[in-house]
Amino acid sequence: MTEDAPALKPSTVAVTAGRPEKQPDAPLNTPLTMASTYVAGGDLEYGRYANPTWTAFEETLGALEGGRCLSFASGLAAVSTVLDLVGQGAKVVAPRHAYLGSIMQLADLEARGRLDAQLVDVTDTDAMVAACDGAALVWLESPTNPALELADIPTIRAAAHDAGAYVVVDNTFATPLLQRPLEMDVDLVVHSATKFLSGHSDVLLGAVVTRDDQLYDVLKGRRDLVGAIPGTLEAWLALRGLRTLHLRVERAQANATELARRLSGHPAVEEVRYPGFGGIVAIVLGQGALAADLLVHKTTLWVHATSLGGVESTFERRRRWKTEPATIPDALVRLSVGIEDVDDLWHDLERALDDLAG
Ligand code: PLP
């Protein structure tokens with residue numbers, strides 16, 4: 001590329017990053033390298049330290065987020081490696097409605113005296129800023145799962161950095177196509193690559209991205225030691241998923257926008273939560289939790305399932321999980337909108353909602 005060539009657009013990066021060098025007979029895409037060990041004397045050495053298939057995934061996600069990426073066995077493996085950055089007894093601030101597993105991990109670490117977790121309403125910027133005082137790490141999720149709340153990332157980031165704290169954004173819901181936290185000067189981005197990045201409900205994978213070489217080295221060192229590494233097949237499948245991320249996100253977002261509009265006119269729906277971007281919508285049913293439990297069994301296209309971000313539309317009442325915070329409405333159903341035809345999705349939902357209402 002010449003020096004003044006314009007930077008590649010994210011859709012081009014998604015397709016082209018992490019590919020092998022263009023040479024006769026080279027595969028177009030990085031193949032699966034199944035190896036626990038490598039011939040000594042090179043950079044790889046052992047399968048817990050490095051794998052060319054991970055590297056291809058990491059280069060692609062890193063290029064999309066604008067930093068250096070490390071992949072992990074799951075989103076929660078990435079979360080736990082990042083939380084391990086703080087010293088003994090350190091204060092960690094997080095949204096009270098962050099992903100349930102992240103909150104449970106914080107609670108577990110607090111119960112064992114490892115850290116002091118302060119959970120705050122992430123939409124209350126003043127409260128978040130105040131909580132930054134004395135913090136070692138500020139965890140953000142925006143939009144939150146499943147409440148779909150947004151954080152004022154630049155303001156909270158500035159307060160956290162003034163306090164000397166690391167700032168982390170779990171970017172699972174937005175993906176780097178809709179939000180690039182490293183450009184807002186946060187220190188670390190975390191992903192459950194299980195969701196939109198992989199996109200086909202067949203992979204568990206996590207990732208951390210940073211522009212800070214020192215942080216990268218510390219996290220890589222932890223991954224080497226603890227062994228929370230991705231499977232090679234998972235990294236390969238996730239990379240394959242990344243190649244179509246832009247198409248899937250665009251379609252899921254268009255479907256979600258339209259469904260949010262139609263749902264807000266339905267009499268059985270008391271509240272629609274949609275942050276204006278992304279493929280996740282939440283609805284609160286006026287008739288309560290029982291109606292929500294009935295709804296998820298009345299559809300044919302929409303599948304009752306946890307997780308999100310796949311090409312298939314799925315939904316669930318989040319409070320069916322006993323550990324989900326009581327501040328999440330009992331009758332809230334989280335919809336992960338897929339890439340099917342929007343009218344088909346709507347008719348399936350509308351029929352089930354009509355049954356409840358009538
Ligand atoms: N972060 C968010 C926002 C999530 O939704 C999830 C999983 O649902 C995770 C992290 C954890 O990821 P994983 O299930 O890949 O461990």
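Mentor: The lining of the largest pocket divides into 10 nonpolar, 11 polar and 5 charged residues. Here Ala, Val, Leu, Ile, Met, Phe, Trp, Tyr, Cys and Pro count as nonpolar, Asp, Glu, Lys and Arg as charged, and the others, Gly among them, as polar. Please note that this is a predicted model, in which local features need pLDDT of at least 70 and side-chain atom pairs count only at pLDDT 80 or more, while totals for chains, interfaces and linings use all residues. Residues are numbered from 1 along each chain as its sequence is written, and side-chain values use heavy atoms, with hydrogens and water left out.

Trainee: What counts as a pocket?

Mentor: On a 1 Å grid over the protein atoms alone, a pocket is an open set of points where a 1.4 Å probe fits, with protein on both sides within 12 Å along at least five of seven lines; lining residues have an atom within 4 Å of a point.

Trainee: How much space lies in the largest pocket?

Mentor: The largest pocket holds about 460 Å³ of space. Among its 26 lining residues, Leu76, Tyr99, Gly101, Asn145 and Lys195 are the closest to its centre.

Trainee: Which helices and strands supply at least two residues of the lining each?

Mentor: They are α3 (75–83), α4 (100–111) and β6 (188–192). Helices (H or I, at least four residues) and strands (E, at least two) are DSSP runs, numbered from the N terminus.

Trainee: And where is the ligand?

Mentor: The ligand takes up the space of the largest pocket. A molecule sits in a pocket if more than half of its atoms lie within 2 Å of the grid points.

Trainee: Which residues come nearest to the ligand?

Mentor: Of the 13 residues around the ligand, these are Leu76, Asp170, Ser192, Thr194 and Lys195. A residue is near if one of its heavy atoms lies within 4 Å.

Trainee: What about polar contacts, meaning pairs of N or O atoms within 3.5 Å?

Mentor: A polar side-chain atom of Ser192 lies 2.8 Å from an oxygen atom of the ligand. For Lys195, a side-chain N or O atom is 2.8 Å from a ligand oxygen. Gly75 uses a backbone N or O atom, 2.9 Å from an oxygen atom of the ligand.

Trainee: Changing topic, where are the cis peptide bonds?

Mentor: One joins Ser142 and Pro143, with omega about 0 degrees. Another runs from Asn145 to Pro146, with omega near 5 degrees. Pro143 lies in the loop between β4 (135–141) and α6 (153–162), and Pro146 is in the loop between β4 and α6 as well.

Note on methods:
Polar contact = N/O pair within 3.5 Å; in protein donor to acceptor, adjacent residues only side chain to side chain. Points joined across faces, edges and corners; volume = space filled by probe spheres on them.
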